[in-house]
Amino acid sequence: MFLLLISCFSFIMFNHISFLNSFMEMKNELRTILVPWILEALSLFIISLFKRRKILVAFFKVPTFSSKPKNEEIIRETSLLDLPDLALDCILEKLSPAELCNMASVCTSLRNVCVNDYFWEKHLKHKWVRVIGDIAYREWKSNIALKKKQALSDCSDQNGIFRLFSFYKLKMDKREKLGTALPLESIMSLYQSLESGKFWFPGQVINRENGNVGFMLSCYDAELCYDHRSNNFRARYSAQGRATMEHDIEWDRIRASTVKTPAHDLHLSDCLGELQPGDHIEIQWRRNNDFPYGWWYGVVGHLGSCDGCKLLCRCHSSDAVVLEFKQYTPGSRWRETIIDRKHHTEIGDEINGFYGGIRKIKNKDEISMWKGIWPTKVVE
């Protein structure tokens, strides 16, 4: 029995050793065949990957150092900001307002240059100088001061975390609106407010109500707003406690306000002592006390006792001054009026209306403007 067990164990061990030997021989054969094949496939894969991904080649490329200088120079793209200040200013000066706005939206550096008042003063004068005067500009400044005051008031009303959040939100809004956020006091901001119609500015409308006969050769104070679609204006008049609107007012019927006096107040005349025949004047007139004054064009005439001879005329030394409105027919109640040079105040009645303060026209352009719109027919 014992011999039988030994014989069985010896047989199993012999077969196991033979199996292991056979497996090792097969493993060596597989290694000899598979390893070169795997290496070849891996090499082909890496080469194909390098061909498709050139950036990997640059990554694995070992830098080489050479003492000889390279013939090829690296050319960097030139930016507009690389130009000298004088050259850049010359370019920006030639841009239109729309092009200058587009340029200001490119980056912060160009924006800081393009919003400079130097570039926008030219555009403002070219288009708006005749309708934007000192009074309208002061109104603009007042609006800016009011906006700043309101912003400070809103900020002071908030406390703690809310104030911090508002400040942070304001900063983020400024970053997001790089092309549109402008300094409030800048002329560029004023120009865009005028162009967009957001700013209603004080001015005067000539020949109110589209040249109605009752308003010939006169101008009235109004709040004006530009309409870029029609290239005309809208006007708001104040009369008898209600506002009146007029649309499609052309440029040649708009002018800047000439005096600081509000439309309902009597203008203090400072030219009465120097008036003499032939002088061009504008005088306040209103229908009754509920209406605002308008400014009516006229000339200083001769007294009835004067024959009009310049050598013998003494009208300039008389206390009485004759004002003529030659757009009306001779004999019309509107043709002329007489004022007291030394004691002039508002004169008139409910039938003929009330005459107020007087301003002498010294500007030749103003005189040409009135003559240029002279009616084709004399008004009765």
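Let me begin with L323, which touches I281, I283, V299, V300, R335, E336, T337, I339 and I358, leaving aside residues up to four places away in sequence, where a contact means heavy atoms within 4.5 Å. What we are looking at is a predicted model, in which local features need pLDDT of at least 70 and side-chain atom pairs count only at pLDDT 80 or more, while totals for chains, interfaces and linings use all residues. Residues are numbered from 1 along each chain as its sequence is written, and side-chain values use heavy atoms, with hydrogens and water left out.

L323 also belongs to the largest nonpolar core, which has 56 residues, and together with W128 and F201 it touches the most other members. By nonpolar core I mean a set of buried Ala, Val, Leu, Ile, Met, Phe, Trp, Tyr and Cys residues joined through side-chain atoms within 4.5 Å, and buried means under 20% relative accessible area, with exposed over 50% and partly exposed in between, using a 1.4 Å probe and protein chains only. Helix α9, residues 187–196, gives the most to this core, with 5 residues. A second, separate core has 11 residues, including I206, W295, Y297 and I361.

For the protein as a whole, there are 11 helices and 11 strands, taken as DSSP runs numbered from the N terminus, with helices being H or I of at least four residues and strands being E of at least two. Buried residues make up 33% of the 380 residues, and among contacts between residues at least 6 apart in sequence, 59% join residues at least 24 apart.

Now to the helix packing. Two packed helices are described by the angle between their axes and the distance between the axes. The axes of α6, residues 117–128, and α9 come within 8 Å and cross at roughly 35 degrees; axes here are lines fitted to C-alpha atoms, for helices over the stretch in contact, and angles run from 0 to 180 degrees between N-to-C directions. On the α6 side, D117, W120, E121, H123, L124, K127 and W128 meet I187, M188, L190, Y191, L194 and E195 in α9.

P97, in helix α4 (residues 97–104), touches W120, H123 and Y191, again not counting residues up to four places away in sequence. P97 and M188 are 91 residues apart in sequence, yet 8.9 Å apart in space, C-alpha to C-alpha.

Beyond residues up to four places away in sequence, S218 touches V205, I206, N207, W295, W296 and W370.

By contrast, K148 in helix α7 (residues 134–156) counts as partly exposed, at 38% relative accessibility. K148 touches L184 and E185, not counting residues up to four places away in sequence, and the C-alpha atoms of K148 and L184, 36 residues apart along the chain, are separated by 9.0 Å.

Finally, the cysteines. The structure holds 0 disulfides, a disulfide being a pair of cysteine sulfur atoms within 2.5 Å. C306 is in no disulfide, and the nearest cysteine sulfur, that of C313, is 3.7 Å away. C306 is buried, with a relative accessible area of 18%, whereas C90 is partly exposed at 38%.
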